[in-house]
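Please examine the sequence and the structure shown here before reading on.

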Amino acid sequence: MNRQRLVILALIALAVGAFFLSGAHELLTLDALKAEQVRFQTWLAEDPLTVIGGFFALYVAMAALSLPGATLLTLLGGALFGLGLGLVIISFASALGASLAFLIARTLARTPLERRFSRQLDSINRGIEREGAFYLFTLRLIPLFPFFVINLVMGLTRMRLRTFYWVSQLGMLPGTAVFVNAGRELGTLESLGGILSPGLLVSFALIGVFPWLARWGVEIAKRRRIARQYDKPRHYDYDIVVIGAGSAGLVASYIGAAVKAKVALVERDKMGGDCLNTGCVPSKALIRSARLAQDMREAKRFGLSVAEPEVDFPAVMGHVHRAIEEVEPHDSPERYRGLGVEVVHGDAWLQTPWEVRVGERVLTTRHVIVATGARPRVPELPGLEDSDVLTSDNLWQLESLPERLVVLGGGPIGCELGQSFARLGSRVTLVEMGSQLLPREDRDIAEAVETRLEAESVRLALGARAVRVEPGPSHGDSGRVLVIERDGPQGVETERLVFDRLLVAVGRVANVSGFGLEGLGVLPRANGTIDVDGTLRSLHPNIWACGDVAGPFQLTHASAHQAWHATVNALFGEFKRFTVDYRNLPAVTFCDPEVARVGLNEREAAAQGVEVEVTRYAFSELDRAIADQHTEGFIKVLTVPGKDRILGASIVGHGAGELLGEYTLAMTHGIGLNKLLGTIHPYPTFSEAAKASAGVWKNAHKPERLLGWLARYFAWRRRSAHSSATTKTSAAATSSATSSATRSETHARSLDQ
């Protein structure tokens with residue numbers, strides 16, 4: 001930090017210190033005002049410029065330095081100056097003070113605050129890009145954040161000072177008027193009975209309802225601004241038009257029809273989207289066949305003799321397609337028409353925010369929900385265009401098993417499909433740019449997967465960059481070559497991987513173009529997804545997005561979760577809008593061993609600076625896992641240090657996805673490990689692992705002092721019992737001896753007689 005910044009910072013610190021040390025904050029009370037009101041009014045009448053100027057300067061300083069008490073000072077201004085003069089003074093003072101705070105943040109704290117509040121700042125920057133000055137006006141009119149926070153954060157943006165000033169002055173004016181009027185009423189208060197005066201009651205009522213009224217006004221202003229740009233229909237054919245019949249679109253349509261809204265669902269291809277046709281359903285069917293093949297190879301562990309499985313690959317793919325066909329009726333047009341949804345086949349095009357053209361037909365609607373999904377990402381790699389590349393979309397048309405398969409990408413899709421093809425008989429090489437598979441998971445979780453894949457002869461090329469694709473190594477070889485580079489001890493090392501087929505699994509790209517969003521000004525974020533707020537609303541108040549096209553999680557259940565929010569917010573947002581909560585969103589990678597997680601893992605906790613306590617339970621300790629020979633893997637639970645509140649759970653092992661549900665339920669409803677431990681689980685099952693992990697945590701937090709006292713207590717009980725027993729034994733022995741002597745004497749007498 002340079003000398004000029006240090007001087008400014010020192011002056012600010014001195015001013016703040018002087019404010020509190022002088023006791024000025026204690027004078028800003030209604031009692032103090034009432035005590036000095038007569039003298040103050042006399043002073044105001046005698047020297048109005050000094051009084052008004054002093055109050056103005058004090059207000060500017062407090063706002064500029066972000067000192068507490070601006071709201072109270074606004075009330076005091078209304079009490080001292082009345083509504084008219086008070087509103088003028090405070091309106092200009094607050095805008096000027098906010099602008100100074102804006103400049104202070106921009107001058108002194110841009111770099112550190114950008115690091116500290118990067119996530120919040122990113123959200124505000126996106127809002128400014130979407131709506132410009134209107135975004136700041138909305139924040140001023142509806143105080144989602146304290147005003148001093150808005151002042152500081154806006155200083156970190158690229159907004160011009162002049163724009164910030166006039167928008168702040170205008171945006172804060174209605175709220176300032178409400179509070180100044182309330183202060184004016186308080187200034188006339190002579191006794192507690194005056195609290196029930198109509199004027200004061202109305203003033204406080206306005207404070208309570210103003211945010212709601214302001215929000216309503218902003219919504220109307222947004223709609224009118226958009227309506228001026230387009231020809232808004234006088235009536236609507238539908239309440240909602242959903243574009244895309246994948247997981248998100250189907251759920252949105254279902255919910256809309258369930259609450260009796262009129263819904264149209266537009267799809268240009270097959271109903272069910274990626275999940276049914278190219279994703280979840282076919283991949284899990286393939287994984288099942290591959291797992292059965294591996295079980296046959298490992299049957300000797302259970303005392304069974306089974307030959308190496310003979311893989312009929314066309315029959316395997318037949319099983320995959322039958323699974324799709326059996327699930328297909330759940331997502332069929334017939335089913336949704338029966339639910340009351342109008343299914344329209346064709347390409348959708350947004351002419352205006354309220355008009356969707358499908359062929360020659362135009363559908364008018366109050367709201368549009370965009371659920372267009374995503375497609376596999378294919379990198380720009382030299383030579384790749386000459387290869388018949390496989391992706392998760394076209395993989396299911398394979399008719400023969402590739403002998404040499406290279407999988408580019410070590411994320412969930414790459415791991416699942418790479419392992420499956422290896423189990424079916426392909427020689428698989430898995431190429432991952434990062435230092436581990438499953439880059440979002442903890443290192444120990446990834447290691448468990450890597451160990452298993454290598455044991456099944458999957459070759460791993462970690463930390464490898466794909467450079468280009470070349471023709472085969474020899475004449476007549478139908479294969480091609482993927483050239484990769486890695487950083488080695490001697491510098492960059494180059495390797496050539498020969499393949500018959502190349503499967504690209506490096507992520508997915510949201511489908512944001514081709515249906516008119518660009519023409520409406522709805523632009524994508526840097527990551528390619530549609531720019532929506534936390535309620536899934538776009539730049540236009542009546543256009544929403546959910547599922548893969550909105551991100552950030554490209555998971556079927558995440559799409560359904562978002563679809564509920566988008567639909568409910570669209571239909572009932574005038575009354576209440578819900579922000580999507582992703583904190584307890586589970587995710588599963590269906591390789592073997594499975595990887596499942598909900599909440600934080602250690603990697604994310606460290607990145608976010610969250611302190612956690614880690615409890616670990618190995619499946620090798622679980623009786624059912626031992627019996628089934630599924631002992632690899634473990635459960636890792638993250639909790640608040642010293643408490644049983646669950647922050648996250650990661651599982652790697654057999655059936656991890658099924659076990660995760662209990663932790664997800666616990667986190668969603670605030671159930672801690674103590675209650676999991678107190679829940680009866682059937683024996684012997686894998687579900688006992690949840691209770692066992694809670695037991696490990698409880699054992700680490702057992703009350704050592706209390707247990708020490710209990711040990712002493714039980715020892716005393718044992719000693720007490722021993723003493724009592726000794727006393728009873730002695731008494732019994734004495735009694736026995738006496739009885740014996742008596743019997744002997746009686747016997748002697750009888751002999752004498």
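By class, the lining of the largest cavity has four nonpolar, two polar and four charged residues. In this classification Ala, Val, Leu, Ile, Met, Phe, Trp, Tyr, Cys and Pro are nonpolar, Asp, Glu, Lys and Arg are charged, and the others, Gly among them, are polar. The model is predicted: local features need pLDDT of at least 70, side-chain atom pairs count only at pLDDT 80 or more, and totals for chains, interfaces and linings use all residues. Residues are numbered from 1 along each chain as its sequence is written, and side-chain values use heavy atoms, with hydrogens and water left out.

A cavity is a set of points, on a 1 Å grid over the protein atoms alone, where a 1.4 Å probe fits but cannot get out; lining residues have an atom within 4 Å of a point. Grid points are joined across faces, edges and corners, and a volume is the space filled by probe spheres set on the points. One cavity of 30 Å³ or more is counted, and the largest cavity holds about 40 Å³ of space. Its lining includes Ile-287, Arg-291, Glu-416, Arg-423 and Asp-592. Helix H18 (412–424) supplies the largest share, four residues; helix H15 (280–297) supplies at least two. Helices (H or I, at least four residues) and strands (E, at least two) are DSSP runs, numbered from the N terminus.

H18 also packs on a sheet, touching strand S8 (404–408), S9 and S14. This open sheet has the order S10-S9-S8-S14, with parallel pairing; two strands pair if DSSP finds at least two bridges between them. Strands S9 (residues 427–432) and S10 are joined by four bridges, and Leu-430 has Leu-460 in S10 as its bridge partner. A second open sheet, S11-S12-S13, is antiparallel.

Elsewhere, helix H4 (residues 48–64) and helix H6 (residues 83–108) pack at an angle of about 35°, with their axes 7 Å apart. Axes are lines fitted to C-alpha atoms, for helices over the stretch in contact, and angles run from 0 to 180 degrees between N-to-C directions. Contact means heavy atoms within 4.5 Å. The residues of the contact of H4 with H6 comprise 17 nonpolar, two polar and no charged.

Definitions and conventions
On a 1 Å grid over the protein atoms alone, a cavity is a set of points where a 1.4 Å probe fits but cannot get out, and a pocket is an open set with protein on both sides within 12 Å along at least five of seven lines; lining residues have an atom within 4 Å of a point.
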